[in-house]
Amino acid sequence: MDFLQILALIIPAAIVSAAPIILTSLGGVLSERSGVVNIGLEGLMMFGAFIGALFTYYGQEWGLGAASPWMSFVAAIVAGAIFAIPHAIASISLKADQVVSGVALNFLAAGLSVFLTKKIFDAGQTPDIQERINKGDIPFLSKIPLLGDWLFSSAYVTSFVAVALAVIVWFVIYKTPFGLRIRSVGEHPMAAETMGINVIKTRYISVILGGAFAGLGGAIYVATISGNFSASTISGQGFMALAAMIFGKWHPLGAMGAALFFGLAQSLSITGEQIPYLKEIPNAILLVLPYVLTILALTGFVGRADAPKASGKPYEKGKR
Amino acid sequence: MKKRTGVMLSLALAAGTLLTACGKDDKAADDKKFKVAMVTDTGGVDDKSFNQSAWEGLQKFGADNKLKSGSDFKYLQSNSPSDYAPNLNKLVRDKYDIVYGIGFLMENDIKKVADQQPKGKLAIVDTVVDKKNVASIVFKENEGSFLVGLIAGMQTKSNKVGFVGGVESPLIKKFENGFKAGVKMANPKAEIMIQYAGDFNKAEKGLAIANTFYGKGADIIYHAAGGTGKGIFTEAKNRAKNGKKVWVIGVDRDQFEEGQPQGVTLTSMVKRVDIAVQQVSKDTKEGHFPGGKVVEFGLDKDAVSIAPHKENVSKDALAKVDEFKKKIKDGELKVPKDDKEYEEFLKTLKK
């Protein structure tokens, strides 16, 4: 097995496992950029995964065929947005502690989704979905030497959706007036309010949008990787997304890069066992590799990660 | 007036309580039926795996002995690992004649409850607890894995097969070594790739490992990795959709459904927890509770086998399976269960 072949194994696997995390971390970026800490990403993602599995299943029943997973994505986006509303109300209007409210969201999602699964399917997990997103070669692009093999062969369309959305979120946050408002209410809400920006409204929109992204992330996890929903389907991916967001310095493209880096480290640790030379390394070392690499990258290359200044603080009018 | 109503009410309530208590006592007096119960792990009785299988066994046992569901035989679901001990304790205190703990995760809780309730009769599936009042039910997974290994060895076209384990442990090693022995027995030239995901619940890791194995030319993967195995099915289906012929061998129960609609499940190594639970319940009822003993269930009791769905298995392979089933039952062949025994097994093959 030569080096190029190895890369052709590692890179696609990294992108596949990174896509749901990219989307969820984008949700985190949107929410935190507006000044609302969102520990609830895990819960939002879990609820999205549940809705994704549920609607794909019913999509099949209703005869939607291959469109079912796509319909489930829409449903998961809506569900994620709705599910984020309690967090928004608690942390923006009621000025509750945002971390506590986010943790509550995680508990709520875990309990509610498992409860509903039990009610609807009378089982601990949803049935396996038949219609999934297909892996396939992208026409033309997969013919490019090397790059085609790495990025465009046997890839999920959803991975490209995730990357495209990262670019769009970057554009919105950094290049549009709306994005400027989001950033300003996250940095200095008082100044923003003075300039006539509605802080409360902007924060609500951002948190709800964030929920929509996290929900989509969960649904894509179901459609591309797990194939059904159970209590253990989403176990830590949301927190990885949170870490990716911090690692990426609250920047959409940074978060995407961090998620891809996590994916790469993980797929390297898995594929590593099948690669000559690397195979000699004990299994345990390869398994901790992603975490070690992350710590090294965090301490060595990223430098200080500064959160938006007003992040975590409820906004009170007229308070200095 | 108000006061009087209150007194009346409390009297009525007190009478009610007393009477219900009487009722209960009467019932307990003639209730000399044999009662069995089990505690599930967090998977619940519909986990499509060993909890479900164990519950089916209890239901069968209940039907055979005309027991009432919910009282004479029942299960308690554990929603988190902290529920294991209270659930076990409750059932023992409710005078169930035998209480099963399903899964090796309950090992420590069973030990604790066995010490606290020396008169209670307990049983644990999948691991060994050395206590006088605990029966340990274990399976010879290596024998079942040997059979699916034979099938894999016969039906691989690329002469490369893979094994994916959840977390490396003596239990999963039994699957691995049985499988390897089976493959080598049927096809000495076959190359076997082995990998442990380090997790039973990370589908994305299963996906990545399957991607690597299939990418390196394997065409059959056997998994003993629980939820991580879901990723393997996903990858196999993806490849099947793109016209490549790859297979997955399921584990614990018939995973035929999991491979649909592309039909990537070659066969499955089925562990009949239901048979084991029925057998031990029956023995206990007859007064032979195997407390302090290890009860092994293997091919001889039909407690491990290949799945009933056989349409993807070739005739030759099935014949081979039957041939070796007999050899193992007759004691002619000993299937290795750990690395050392596997090495020795390989030496006997070369002769």
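Because the model is predicted, local features are described only where pLDDT is at least 70 and side-chain atom pairs count only at pLDDT 80 or more, while totals for chains, interfaces and linings use all residues. Residues are numbered from 1 along each chain as its sequence is written, and chains are lettered from A and ligands numbered from 1 in the order in which they are written.

The C-alpha atoms of chain B fill a box of roughly 90 × 45 × 30 Å along the principal axes, and the secondary structure of this chain comes to 11 helices and 12 strands; helices (H or I, at least four residues) and strands (E, at least two) are DSSP runs, numbered from the N terminus. Of the 351 residues in chain B, 51% are buried, where buried means that 20 or more other C-beta atoms, placed from the backbone, lie within 10 Å of the residue's own. Among the contacts in chain B with a separation of 6 or more, 70% join residues 24 or more positions apart, a contact being a pair of residues whose C-beta atoms, placed from the backbone, lie within 7 Å.

The domain assignment, which comes from an automatic or database source, divides chain B into domain 1 (36–139 + 274–299) and domain 2 (141–270 + 314–350).

An open sheet of chain B is formed by 6 strands in the order 2-1-3-4-5-11, with parallel pairing; two strands pair if DSSP finds at least two bridges between them. Strand 2 (73–76) and strand 11 (294–297) stand at the edges with a single partner strand each, so one side of each is left without a neighbour in the sheet. Strand 1 and strand 2 of chain B run parallel and are joined by 4 bridges, with M38(B) standing opposite Y75(B) in strand 2. Strand 3 (residues 98–101) and strand 4 (residues 122–125) of chain B also pair in the parallel sense, over 3 bridges, and here Y100(B) stands opposite A123(B) in strand 4.

In a regular strand the side chains alternate between the two faces of the sheet. The loop between strand 1 (36–39) and helix 2 (50–64) of chain B holds K48(B), which counts as buried because it has 20 C-beta neighbours inside 10 Å. Helix 2 of chain B then lies across strand 1, strand 2, strand 3 and strand 4, running at about 170° to strand 1, where angles run from 0 to 180 degrees between the N-to-C directions of axes fitted to C-alpha atoms, for helices over the stretch in contact. Buried residues of helix 2 include F50(B), W55(B), L58(B) and F61(B), and this helix is followed by K66(B), whose phi is positive, near 55°.

Between the chains, 25 residues of chain A are in contact with 31 residues of chain B. On the side of chain A that touches chain B, the largest share, 4 residues, comes from helix 1 of chain A.

Note on methods: Buried ≥ 20, exposed ≤ 12 C-beta atoms within 10 Å, placed from the backbone. Contact = placed C-beta atoms within 7 Å.
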